[in-house]
Structure formats: C-alpha cells, structure tokens
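Dear colleague,

Here is the structure for your files. My notes on what was found follow below it.

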Amino acid sequence: MKKYVTMKDIAKRAGVSVNTVSKALRGKDDISKQTRQKILKIAREIGYIKNTTAFALRRNQTKTVGVVIEDSSNPFFAEVLKGIEAATRKFGYQLLLMNTETDPKTQSQAITTLLERRVEGLLISPFGQNTEDFEKLLKMNFPFVLIGRHMYRSGIDEIYNDEIKGGYLATKHLISRNRKRILFINTSMDNSASIMRYEGYKKALSQANIELSEDYLITAPYNKNMEAGYMGVKEAIKKGIDFDSIFCYNDMFAFGAIKALDELGKKVPEDIAVVGYDDICFASYFRPPLTTVQIKKYEMGFEAFKILLGRITGKRKSYKQLILDVELVVRQTS
C-alpha cells in the first residue's frame, strides 16, 4: 500500500508533467499563475507532503543531527534536550534522538543507526570512558560533540561542567553546617563526572583537615536513579557507617536517599543533611526542597549544538572544550 502522495500523482490529476508540478511546488516563475494555483490546490486536496529526505540526500545535506543520550528517565536530559531543540530550530536543523540506557553496546548501535540515517553531526552524552566509538568518528572526520563528559583525550569537542568545583562546593557547604562525617553516594568511577565530583569532595575534606575514609564512599548503579540513592543509604546503615550528612552524585540519588532516611526515622536536615547535584526541575518542589549544585543544562544543550554547527559548516577546524560554571543552591535539606 502506497503511504505518500508523489508529484507523479499530482501531475496525473492535474494533466501536466512532473517537471511542471516540481516548478509549482518550488514557486518557480516560468509557469502560469493559473497552473501553479491549480497544482497547489490538488496537492492540498490529496495530501501531498514534500519528501525532504530525498531532496536533502540529492544535495548531500540533510539538515539533521543525531542526539545520543544515556538515560531518558533522568529529567536532567529533558532540560539539556530543550537547549538542543531550541538551537536546532534557530539554525534550521532537526534532530533524531536515540537512548542508550547506559549500555555501551547500545551506544555503538545508536551511533551506527544515526550515521545510516545520514545525519550531519552527532551530539553524544557517553556512558563510561571507552573512546572506541569516538576514535572511529575521528578517523571518518565526522563532526561530533560530547555532552556532559570529559574524555581526557585531546582532539574531541566537549562541553561539560566544572565538576570538581561542584563536588567541592557541595562538600564544603556540609562542612560549614558542622557536618564532618559526610557520606558520598557516588556512581562507579568510569565517567568523568563521578571522578571529578569525587575529587571535589576530597579537596573540601582535605582543606578542612577531615580525614578521608573510603568507608564513606558508597558506589551505586547509575541507571537505578532514585533506587540507587535509596540502596546507598541502606548499604551504609548495614555497614554500620556513622554519617551525619550525605552528598549524592545527582538529585535523583538524593530523592531516593531521603526516602530511605524517612523510613529509618531520620529527619532531614536535623539528623542528616543532604545535598544533591544537577538542580533538576523537581528539586525545588521536593519536600523538603533540595539543596543541590546547579548546572546550566539548557545552556549546555544550546552551546553543544553551536559547537557542532561550527564543525559541520567547516568554520572551525581546531577542537573546542567548553567548561560551564556551577553554583550551589541552598534549600532546606541542609
């Protein structure tokens, strides 16, 4: 069954050539006004939709970029995507979205699928530090930008947050509240964010002359979101760790941690203070409102596309690394 009306269908109905239909649809002046109006009327009546894909492929320009994110269930990515979408609209592009669910194999498949769709560039939020996918893109000289991650390798366009500063601010704030037994519920240190946030945590402890204890580091599975924070608190209690505050890898972890504390009869912040990371849209509406490290999610998405566009258009040859500033937002959990 035929899905789409073609110019050939319009030409047959109008009694003209396909070339004449093409001229009418493109607004050319070398056909009569009457013929153009007749063709446009028929096109509307029978539901013609322009085949932009075929047109774009003929010009080798699809005006489409691929976006690969690692976790569609995390509201963080929804806010980053808003920035990407705003930028693509402003510059006349469209996007195709793929979700990897933090699976490296799925990430590789997503990149291949988008290349097969002939996107002009890729925006990738990678999971883990494996650079194999990106080495292939570099060999192809294919435009791509990594979002929210640093690969510790030169030659790759990246935009990410000042994660060391973020971890430092969160921990220093808890110390300023006279909390010295700070539990850090992190995710596995196979990505730059978890590595650098931990560096910031250690830096703040060192400056306050608080001894670093590995016992206070809990590693939770990233893709479990709120359950990860919940499980992290339960694990710490099971291990007998005596903590008076928690710094969580992200806000979703923090929500889960607070739920676990509530079940244990612990009051936040009176008994245990909690700080999250990301300042997602729910953070200020949560009860109690969450103290968190605010990052520029919308700006990250918007600027990521602008970096990619410079690469697509050939206006920029050197690689770019943009590090966005962060700030602490103090609310009622600390």
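Nonpolar cores

The largest nonpolar core has 73 residues, and Leu123, Ile185, Phe243, Ile246 and Val274 touch the most other members. A nonpolar core here is a set of buried Ala, Val, Leu, Ile, Met, Phe, Trp, Tyr and Cys residues joined through side-chain atoms within 4.5 Å. Buried means under 20% relative accessible area, exposed over 50%, and partly exposed in between, with a 1.4 Å probe and protein chains only. Apart from this core lies another, of 15 residues, including Val68, Ile111, Phe144 and Ile156. Leaving out residues up to four places away in sequence, isoleucine 246 touches Leu174, Leu183, Ile185, Val233, Ala257, Leu261, Ile272, Ala273, Val274 and Val275; contact means heavy atoms within 4.5 Å. In soluble globular proteins, nonpolar side chains tend to be buried together.

Please keep the basis in mind: this is a predicted model, in which local features need pLDDT of at least 70 and side-chain atom pairs count only at pLDDT 80 or more, while totals for chains, interfaces and linings use all residues. Residues are numbered from 1 along each chain as its sequence is written, and side-chain values use heavy atoms, with hydrogens and water left out.

The chain overall

The secondary structure comes to twelve helices and twelve strands; helices (H or I, at least four residues) and strands (E, at least two) are DSSP runs, numbered from the N terminus. The radius of gyration is 26 Å, well over the 20 Å that the globule rule gives for 334 residues, so the chain is more spread out than a compact globule. That radius is taken over C-alpha atoms, and the rule is 2.2 Å times the number of residues to the power 0.38. The C-alpha trace spans about 85 × 40 × 30 Å along its principal axes.

Of the 334 residues in the chain, 50% are buried. Among contacts with a separation of 6 or more, 69% are between residues 24 or more positions apart. The chain exposes about 16,900 Å², of which carbon and sulfur atoms supply 49%; accessible areas come from the Shrake-Rupley method with a 1.4 Å probe, and for residues only the protein chains shown count as cover.

Six strands form an open sheet with mixed pairing, in the order 7-6-8-9-10-12. Two strands pair if DSSP finds at least two bridges between them. Strand 7 (217-220) and strand 12 (327-329) stand at the edges with a single partner strand each, so one side of each is left without a neighbour in the sheet. Neighbouring strands of this sheet are turned by 20 degrees against each other on average, direction ignored. Strand 10 (residues 291-294) and strand 12 run antiparallel and are joined by three bridges; valine 293 has leucine 328 in strand 12 as its bridge partner.

Helix 8 (residues 163-176) packs on this sheet, touching strand 6 (182-187), strand 8 (245-248), strand 9 (273-278), strand 10 and strand 12, and its direction makes about 165 degrees with that of strand 9. Helix 11 (residues 251-263) lies across strand 6, strand 7, strand 8, strand 9 and strand 10, at about 155 degrees to strand 9. For these angles, axes are lines fitted to C-alpha atoms, for helices over the stretch in contact, and angles run from 0 to 180 degrees between N-to-C directions.

Another open sheet of six strands has parallel pairing and the order 2-1-3-4-5-11. Its edge strands are strand 2 (94-99) and strand 11 (321-324), each pairing on one side only. The twist averages 15 degrees from one strand to the next. Strand 1 (residues 64-69) runs parallel to strand 2 and is joined to it by six bridges; glycine 66 has leucine 96 in strand 2 as its bridge partner.

Backbone details

Most residues other than glycine have a negative phi, and most peptide bonds are trans. Asparagine 141, which is not a glycine, has a positive phi of about 60 degrees. Asparagine 141 lies in the loop between helix 7 (132-140) and strand 4 (144-147), and is exposed at 69% relative accessible area. Aspartate 278 also has a positive phi, of about 120 degrees, but is found in strand 9 and is buried at 5%.

The peptide bond between valine 268 and proline 269 is cis, with omega about 10 degrees; proline 269 is in the loop between helix 11 and strand 9. The bond from arginine 287 to proline 288 is cis as well, with omega near -5 degrees, and proline 288 is in the loop between strand 9 and strand 10.

Regards
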